[in-house]
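Here are some notes to read alongside the model, written for someone meeting it for the first time. Please keep the structure open as you go through the points.

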Amino acid sequence: MSARIAPVVDAAWLAAHLHDGDLVVVDATTLTGAPGGGPHAVGSGRAGYEAEHVPGALFADLTTDFADTEAPEPWTVPSSEKFAVQAGLLGIGVDSRVVVYDRSTGFWATRLHWQLRLEGFDDVAVLDGGLRAWKSAGERVTADPTPDPIAAAFQAERRPELLRSTEEVAKSLDDPGTVLVAVLDPDARRGEVRAYAREGHIPGSVVLPPAEILDPATGGPRPVGELRATFERAGLLDPGVTPVAYSGHGIAATGVAYALVLAGRDDVAVYDGSMAAWAADDSLPLVTGDSPGGDA
């Protein structure tokens, strides 16, 4: 049995281990857009995957196969049973190691990373810098179809502490043991743009824009030392509190959850409905302008 994988691997590591029999490489890219500032349009990244991907990589469709398509919000986590079936079809089993990447900011990769951890699977890494870094390192991409893997038995054991519902977040607003982390761009946080049904952010949130955790030079997460400094300033490494990350639709929020894993904290929860669900309920409070919780 191979050694357990680290939470982040670089292109050199992946190239050296690409043909390991227990390694499953997954492209999790999803396409989004907000034409005219309206609701997000959701699209599969399969066409881009079919045009070029890491040799041997499989595609995970986070819009259908790894989502509850009956839920009101896109990308809502599916049942453990559905997730187990779809992960098994990718060949992910109890003895597998998984590397996830995407062709965007890396947040789609961290979304699947978080979903695997939510279902009790920890032997998963994100490719640092995604496909961009793979290509920049001179590694080969291909349009050749990857043969269907041998289906595996994925054993889902959900960790409910890594997931929050709208009701749970609302009940925690006055809980000093919970720190809400708004992973929102400044204009959305201040209410200067309407990306959702209402403007603003959840009261008391610590604001952590995505740019604070991404390294513009690599496209991956910032060095661990920088991440730890950012999280310490925000109080997110305090063992006496539980961070709960949210974003627009719960995608960038998983980037913070992943970055906190790199910084040594693996108990961060994600509010899956995030602003899309919160802002849609007029009974729930929102604030605009500077956050009472401060900026990270």
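How many aromatic pairs does a search of the whole structure find? The search finds 6 aromatic pairs. Before the details, a word on the basis: this is a predicted model, in which local features need pLDDT of at least 70 and side-chain atom pairs count only at pLDDT 80 or more, while totals for chains, interfaces and linings use all residues. Residues are numbered from 1 along each chain as its sequence is written, and side-chain values use heavy atoms, with hydrogens and water left out.

1. **A first ring pair.** Rings of Phe, Tyr and Trp (its six-membered ring) pair if their centres lie within 6.5 Å; planes under 30 degrees apart count as stacked, over 60 as edge-to-face and the rest as tilted. The ring centres of Phe66 and Phe83 are 5.2 Å apart and the planes stand at 75 degrees, so this pair is edge-to-face. Phe66 sits in the loop between strand E5 (58–59) and helix H3 (80–89), and Phe83 in helix H3, so the pair ties together parts that are 17 residues apart in sequence. Helices (H or I, at least four residues) and strands (E, at least two) are DSSP runs, numbered from the N terminus. Both Phe66 and Phe83 are buried, where buried means under 20% relative accessible area, exposed over 50%, and partly exposed in between (1.4 Å probe, protein chains only).

2. Ring pairs link Phe66, Phe83, Phe121 and Phe154 into a cluster.

3. Two strands pair if DSSP finds at least two bridges between them. Strand E1 (residues 8–9) runs parallel to E7 and is joined to E7 by 2 bridges; Val9 has Leu127 as its bridge partner. Strand E6 (residues 97–101) is also parallel to E7, with 3 bridges, and here Val100 is partnered by Val126. From E6 the chain crosses through H4 to E7 in a right-handed β-α-β crossover (with the strands pointing away from the viewer, the path from the first strand over the helix to the second runs clockwise).

4. **An open sheet.** Look next at 5 strands in the order E8-E12-E11-E9-E10, which form an open sheet with parallel pairing. E8 and strand E10 (206–207) stand at the edges with a single partner strand each, so one side of each has no neighbour in the sheet. E8 pairs with strand E12 (residues 269–271) over 2 bridges in the parallel sense, and Leu163 stands opposite Val270 in E12.

5. **The largest cavity.** On a 1 Å grid over the protein atoms alone, a cavity is a set of points where a 1.4 Å probe fits but cannot get out, and a pocket is an open set with protein on both sides within 12 Å along at least five of seven lines; lining residues have an atom within 4 Å of a point. There are 2 cavities of 30 Å³ or more. The largest holds about 140 Å³ of space (grid points are joined across faces, edges and corners, and a volume is the space filled by probe spheres set on the points). The largest cavity is lined by 20 residues, with Thr105, Gly106, Thr110, Leu214 and Pro221 closest to its centre. H4, E7 and helix H9 (252–262) each supply at least two residues of this lining.

6. **An exposed glycine.** Is Gly138 buried or exposed? Gly138 has 64% relative accessibility, so Gly138 counts as exposed. Gly138 is found in the loop between H5 and E8.
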